[in-house]
Amino acid sequence: MKKRNANEEKLSNVVDSFISQFGLKKRFQEHEILQEFTKIMGPFLMKKVTNAYVKNQKLFLKLSSAPFKEEIRMQKTKLMNHLNAELGSNYVNDVVLL
């Protein structure tokens, strides 16, 4: 067996360093937000979302159902808090409904 080196690092630390060095942290967080939003809504409700993207720390949602749009409007703060809690930072400042 090969002897371990003193300068070995955890893989998670190396990946985090890579993401930071190449300026991918913002895009990585945006992708995480969209994945978490999809997980929260589930497959049935995601059928009513025609487009979702993150720009300037805002989650933009285009919805095909007026009642669902109203429900999201009423639960906007709760949704933002849940997304930020899952990310561990206050990245999402607003949810914009289109």
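**Figure 1. Where helices H2 and H4 meet in the predicted model.** Axes are lines fitted to C-alpha atoms, for helices over the stretch in contact, and the angles between them run from 0 to 180 degrees between N-to-C directions. In this predicted model, helix H2 spans residues 25-46 and helix H4 spans residues 76-87, and their axes come within 10 Å and cross at roughly 120°. That angle makes H2 oblique to H4, because angles of 65 to 115 degrees count as roughly perpendicular and only those over 145 as roughly antiparallel. The crossing of the two helices is right-handed. On the H2 side the contact is made by Gln29, Glu32, Ile33, Glu36, Phe37, Ile40 and Met41, while on the H4 side Leu79, His82, Leu83, Glu86 and Leu87 take part. Sorted by class, the residues of this contact are 7 nonpolar, 2 polar and 3 charged.

**Figure 2. Confidence across the predicted model.** The protein has an average pLDDT of 87, and 95% of its residues score at least 70. Among the elements of the protein, strand E2, which covers residues 58-63, has the highest mean pLDDT, at 92, whereas helix H1, which covers residues 11-21, has the lowest, at 84.

**Figure 3. Gln29 and Glu36, two residues of helix H2 that take part in the contact with H4.** Both Gln29 and Glu36 are listed among the residues of H2 that make the contact with H4. Gln29 lies in helix H2 and has a relative accessible area of 15%, so Gln29 is buried. When its neighbours within four places in sequence are left aside, Gln29 is in contact with Leu87, Ser89 and Tyr91. Glu36 also has its place in helix H2, and with a relative accessible area of 13% Glu36 is buried. Leaving aside neighbours within four places in sequence, Glu36 is in contact with His82, Leu83 and Glu86. Glu36 and Asn93 are 57 residues apart in sequence, and their C-alpha atoms are 15 Å apart in space.

**Figure 4. Gly42, another residue of helix H2.** Gly42 has its place in helix H2, and its relative accessible area of 16% is the reason why Gly42 is described as buried. From C-alpha to C-alpha, Gly42 and Lys26 are 24 Å apart in space, and they are 16 residues apart in sequence.

**Figure 5. Asn84 in helix H4.** Asn84 has its place in helix H4, and with a relative accessible area of 9% Asn84 is buried. If residues up to four places away in sequence are not counted, Asn84 touches Ser89, Asn90, Tyr91 and Val92.

Figure 6. With 22% relative accessibility, Ala52 counts as partly exposed. Leaving aside neighbours within four places in sequence, Ala52 is in contact with Leu34, Phe60 and Leu61. Ala52 and Val96 are 44 residues apart in sequence but 9.9 Å apart in space, taken from C-alpha to C-alpha. Tyr53 lies in strand E1 as well, and at 31% relative accessibility Tyr53 counts as partly exposed. Apart from neighbours within four places in sequence, the residues in contact with Tyr53 are Leu34, Lys58, Leu59, Phe60 and Leu98. Leu34 and Tyr53 are 19 residues apart in sequence, and their C-alpha atoms are 7.1 Å apart in space.

Figure 7. Asn56 has its place in the loop between E1 and E2, and its phi is near 50°, which is a positive value in a residue other than glycine. With a relative accessible area of 54%, Asn56 is exposed. Gln57 lies in the loop between E1 and E2 too, and Gln57 has a positive phi of about 60° although it is not a glycine. At 30% relative accessibility, Gln57 counts as partly exposed.

Terms used:
Residues numbered from 1 in each chain as written. Predicted model: local features only at pLDDT ≥ 70, side-chain atom pairs only at ≥ 80, totals over all residues. Heavy atoms only, no water. Helix = DSSP H or I, 4+ residues; strand = E, 2+ residues; numbered from the N terminus. Parallel < 35°, antiparallel > 145°, perpendicular 65-115°, else oblique. Left-handed = near helix turned anticlockwise from the far one by under 90°. Contact = heavy atoms within 4.5 Å. Nonpolar A, V, L, I, M, F, W, Y, C, P; charged D, E, K, R; others polar. Buried < 20%, exposed > 50% of the residue type's maximum accessible area, 1.4 Å probe, protein only. pLDDT = per-residue confidence, 0-100.
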